[in-house]
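Please read them alongside the sequence and the coordinates.

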Amino acid sequence: MELKRDGLNRYRLPRHGKMRVDAVIYVNEQLLPYLREDKSLEQLMHAACLPGVVEPVIGMPDIHEGFGLPIGGVMAVAPDGVISCGAVGMDINCGVRLIRSDLLARDFGKPLLRRLMERIEDYVPTGVGKKGKHKGLTARIFEDVAHRGVQAVIEAGFGVPGHLEYIEEEGCLPGADIAAVSREACARGSMQLGTLGGGNHFIEIQEVTDVYDPELAARFGLFQGQLTVMIHTGSRGFGHQICTDYTKRLAAVASEYGIELPSKGLAAAPIDSREGQDYYKAMACAVNFAFANRQIIMTDVLRAFGDVLGFSAEAIGMRPVYDVAHNIAKWEKHSGRRLLVHRKGATRALCAGHPANPPVYRDTGHPAVVPGSMGTASYVLVGTEKAAETFFSVNHGAGRVLSRTAAAKKITREEFERAMGEVLYNTRNYKEVVDEAPLAYKDIEQVVETLVAVGITKKVVRMRPLAVIKGKD
C-alpha cells in the first residue's frame, strides 16, 4: 500500500488489486506516521473494492481503525451500488449538539460547576446499559420517535418547534420504518431514550476562548468568554443492535448478489435489494432515535441549569447552535449526481450558499461542530467550496491513537491528572475514565489545522472544557 503525496496534507492510495477507485487521505506531517500503526489504510482499500463506489474513498485527519470502514472514513456510492452497515458504524448517528448561552464562563467557579454537574447527572443517566428516567413516556412514544425523530419528542414536551432548524435533517431522516427493526433492538431502544451511554460520550461545559471569524461567530450566536455546553452521544443499544443484526443479514446474502466482501466488517447488499432497503429503513430509525435522544438530554441539561441558577433557559439565552451526525448514510447530490454518502466518524460541512443548508444558515454554511478529546479543546468550523472534494465532509473529532485497553494499561494516574489540568470530571476513580484521557487521542489542534491549511474548512471559534460528565463504564 504505497501512499503518494498528492498536494498539501493530501495523500493518495492508488487503485490496485481489486480496488475499483483510489483512496485519498488528509493528514499533515505530524499525523502521517499514525497511518502505519493500525489497519485504517487497509480498511480504506477494502471500501474501495465495493460495487458502485465513487472515487475517491476518503480518510479524514482523525482516521483510525474501526469495524469495516475506518473511523474518519467517507464512502460515496452510486444508486446501482451497495449499502454497508460497516461504513456507517455500530453507534448509528453518534453525533454532537452544541448549546450556546448568554452566560460568561468567568462567573462559574468550580463549586458552581460541580453543582451543575451533579444536577445534570440527577436528570441524565450515564454509563453502559442505563435506562432513561422518562421511560414511562418515552416507551409510549418510541415508535413515533423512530419514524419522526425530534418532532415527536418536541410534541411530548421536550423543547420547542424552533429547535428543528438547528438540527441536521431537521432531526428526522426520511425513510424510517420500525417494521425493519428486530424486537431485540426495539426492546433496548424503548428504555434508553434520554441517556448518555458510556465510552467516548460526554456532556461538557465549555468556555469560548478564541474567535477566529467574528462575523460568522456572531451569526452562530457565539462570542469570546461565553459559556457553552456540548452533548456527544448517539443511538445507544438501539443502533448497536441494528448494526449487529444487519451485519449478519447482509453478510449472509452478499454472495447471492455476486458481491465479494473484502472483509466481514463491510457486509453489504445492493441498495435496491430487499436487504439493502430494510437496512436503510432500520438505520433511519436509529438516526431519528439519536437526534431525539440528544434533544431530550438537552432539555434535561437546560432544566438542570434552571434549577441551579434560578433562571429559565430562555432568560439566559440557552438554545442549540447546531446538531450534527457522525455515523450515517444518506442521499445527497454531488457534482450533479445522486449518491448515497456513508460517513463514519465524519461530519457534514456544507459551504455558504449550498442549497442543503438549513434556512437559518443558508448564506453562511452550517456550523461543523468538532469535539476534542476529554480535557482538550473543541472547535466550531465551517466548510468551504473546496470541501466538495470530500463530499462536503470534515473530521468528527481528534481520533484515537491508543485502544481503550492500551490506554488503561499505559496511562498512569499522574499522567492522566496532568493532562486534565483544571478540568473537572465526574468520578473520584480515574480508572473509570482513563481510556478517554487526552493521551489516548491525537492532537486536536493538528487534526483541525490539517483541513484548514488545505482550505476545506475555516475555523470559527475554539472552546476549552471547564467540566466534563462522562458515561462511566
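1. In this predicted model, Leu112, Arg115, Leu116, Arg119, Ile120 and Tyr123 of H2 are in contact (heavy atoms within 4.5 Å) with Asp300, Val301, Arg303, Ala304, Phe305, Asp307, Val308 and Leu309 of H8. The contact residues comprise nine nonpolar, no polar and five charged; Ala, Val, Leu, Ile, Met, Phe, Trp, Tyr, Cys and Pro count as nonpolar, Asp, Glu, Lys and Arg as charged, and the others, Gly among them, as polar.

2. Helix H2 covers residues 110-123 and helix H8 residues 274-309; their axes come within 9 Å and cross at roughly 135°. Axes are lines fitted to C-alpha atoms, for helices over the stretch in contact, with angles from 0 to 180 degrees between N-to-C directions.

3. The chain has 11 helices and 19 strands, taken as DSSP runs numbered from the N terminus (helices H or I, at least four residues; strands E, at least two).

4. Of the 473 residues, 63% are buried, that is, under 20% relative accessible area with a 1.4 Å probe, protein chains only. The C-alpha trace spans about 60 × 50 × 50 Å along its principal axes.

5. Among contacts between residues at least 6 apart in sequence, 77% join residues at least 24 apart.

6. On conventions, residues are numbered from 1 along each chain as its sequence is written, and side-chain values use heavy atoms, leaving out hydrogens and water. Local features need pLDDT of at least 70 and side-chain atom pairs count only at pLDDT 80 or more, whereas totals for chains, interfaces and linings use all residues.

Conventions:
Buried means under 20% relative accessible area, exposed over 50%, partly exposed in between (1.4 Å probe, protein chains only).
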